[in-house]
Amino acid sequence: IIDRDPHRDPGCLRSLGAVLEGNRNVYWRLTPSENLEYFGVLRGLSRKVARQRGQALLERFNLTEKRNTVVQNLSRGMQQKLAIAVALIHQPQLLLLDEPTLGLDVEATEDVKRLVKEISSAGCALLLTTHQLNIAEELSDRVAIIHKGEILAEEPTDELIRQFSGTAYVIELDHPLDQEWSHKIRTMGGAIDGKTIRVRDSETLYPVLAALEPLSILRVERDQANLTDVFLKLVREEQDA
């Protein structure tokens, strides 16, 4: 599908599947089985093949028990899973997902994320748009950050986060330090806030850890950025430019 122009080659659109925000790609007065058969035939499948693939998708998405329930009576999460199933009925090479987890509860969100990962692992390319940056960070291999119609950054997700992550480390203690311990750690370059100590780099980290013996340490982690941090920094830089 890469390098094919849909304006000159409309046939390439048959290689696409799409899930629109708000479940606009299913008919609410039809059942899941009816939706899958209808859209399968619409995309060029025979009725027999559409039924077979529809049954397989219902089983894969745990919707078999609801196959004869009118869509408008399904939960929001089930409706979203059906929308994804409908988009996959013709086995597209590229699946477009618009806000696939918007408005879902925690359990339904986890179900949709699992399905997205499974679809990707099966070899279908995915293009996902979302305002939920934690979802993008968890699901994407590559991310583009768009602000006011302009792409501010486009990189592999891990690489983009690495570029915006600092060298600092955070140490969380079981109990706050007393005055003597606090003075000792500050003289070594540690910044103390309650039970948390922040050090500027790994060269400071190890001496501070040694100095904290035998105190109980709950966690030590690098002060790493996330996609929300990256987005806000890029937007602010764009506004200041």
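This report covers helix packing, backbone exceptions and a few individual residues in a predicted model.

## Helix pairs

Two packed helices are described by the angle between their axes and the distance between the axes.

| Pair | Residue ranges | Angle | Axis distance |
|---|---|---|---|
| H1 and H2 | H1 32-42, H2 47-60 | about 135 degrees | 8 Å |
| H3 and H4 | H3 76-88, H4 106-121 | about 15 degrees | 9 Å |
| H6 and H9 | H6 157-164, H9 227-240 | roughly 65 degrees | within 9 Å |

The pair H1 and H2 packs at about 135 degrees. H1 is therefore oblique to H2, since an angle over 145 degrees would be needed for roughly antiparallel. The crossing of these two helices is right-handed. On the H1 side, the residues in the contact are Pro 32, Ser 33, Leu 36, Glu 37, Gly 40 and Val 41. They meet Arg 47, Ala 50, Arg 51, Gly 54, Leu 57 and Leu 58 of H2. Sorted by class, the contact of H1 with H2 holds 6 nonpolar, 3 polar and 3 charged residues.

Helices H3 and H4 pack at an angle of about 15 degrees. This angle makes H3 roughly parallel to H4, because angles under 35 degrees are put in that class. The crossing of H3 and H4 is right-handed. H3 contributes Gly 77, Gln 80, Lys 81, Ile 84 and Leu 88 to the contact, and H4 contributes Ala 108, Asp 111, Val 112, Leu 115 and Ile 119. The contact of H3 with H4 is made up of 6 nonpolar, 2 polar and 2 charged residues.

For H6 and H9, the axes cross at roughly 65 degrees, and H6 passes H9 in a left-handed crossing. Thr 157, Leu 160, Ile 161 and Phe 164 of H6 meet Leu 227, Val 230, Lys 233 and Leu 234 of H9. The residues of this contact comprise 6 nonpolar, 1 polar and 1 charged.

## Backbone exceptions

Most residues other than glycine have a negative phi, and most peptide bonds are trans. The following residues depart from those rules.

Gln 91 has a positive phi, near 55 degrees, and is not a glycine. Gln 91 sits in the loop between H3 and strand E2 (94-98). With a relative accessible area of 55%, Gln 91 is exposed.

Lys 148 also has a positive phi, about 55 degrees, without being a glycine. The loop that holds Lys 148 runs between E4 and strand E5 (150-156). Lys 148 is exposed, at a relative accessible area of 76%.

The peptide bond that joins Glu 213 and Pro 214 is cis, with omega about 5 degrees. Pro 214 belongs to the loop between H8 and strand E9 (217-222).

## Individual residues

His 147 lies in strand E4 (residues 142-147). Is His 147 buried or exposed? His 147 counts as buried, because its relative accessibility is 18% and the cut-off for buried is under 20%. Apart from residues up to four places away in sequence, His 147 touches Leu 152, Phe 231, Val 235 and Gln 239.

Thr 204 is part of helix H8 (residues 202-212). Its relative accessibility of 6% means that Thr 204 counts as buried. The side chains of Thr 204 and Asp 201 are joined by a polar contact of 2.9 Å. Residues up to four places away in sequence aside, Thr 204 touches Met 188, Gly 189 and Val 199.

Arg 198 is in strand E8 (residues 196-199). Arg 198 is partly exposed, with a relative accessible area of 38%. With which residue does the side chain of Arg 198 make a polar contact of 2.4 Å? The partner is the side chain of Asp 223. Beyond its neighbours within four places in sequence, Arg 198 is in contact with Ala 168, Tyr 169, Val 170, Gly 189, Gly 190, Ala 191 and Asp 223. The C-alpha atoms of Arg 198 and Glu 221 are 9.9 Å from each other, and these two residues are 23 residues apart along the chain.

Methods: Residues are numbered from 1 along each chain as its sequence is written. This is a predicted model: local features need pLDDT of at least 70, side-chain atom pairs count only at pLDDT 80 or more; totals for chains, interfaces and linings use all residues. Side-chain values use heavy atoms; hydrogens and water are left out. Helices (H or I, at least four residues) and strands (E, at least two) are DSSP runs, numbered from the N terminus. Buried means under 20% relative accessible area, exposed over 50%, partly exposed in between (1.4 Å probe, protein chains only). A polar contact is a pair of N or O atoms within 3.5 Å; within protein, one must be able to donate a hydrogen and the other to accept it, and residues adjacent in sequence count only if both atoms are side-chain atoms. Contact means heavy atoms within 4.5 Å. Axes are lines fitted to C-alpha atoms, for helices over the stretch in contact, and angles run from 0 to 180 degrees between N-to-C directions. Angles under 35 degrees count as roughly parallel, over 145 as roughly antiparallel, 65 to 115 as roughly perpendicular and the rest as oblique. A crossing is left-handed if the near helix is turned anticlockwise from the far one by less than a right angle, and right-handed if clockwise. Ala, Val, Leu, Ile, Met, Phe, Trp, Tyr, Cys and Pro count as nonpolar, Asp, Glu, Lys and Arg as charged, and the others, Gly among them, as polar.
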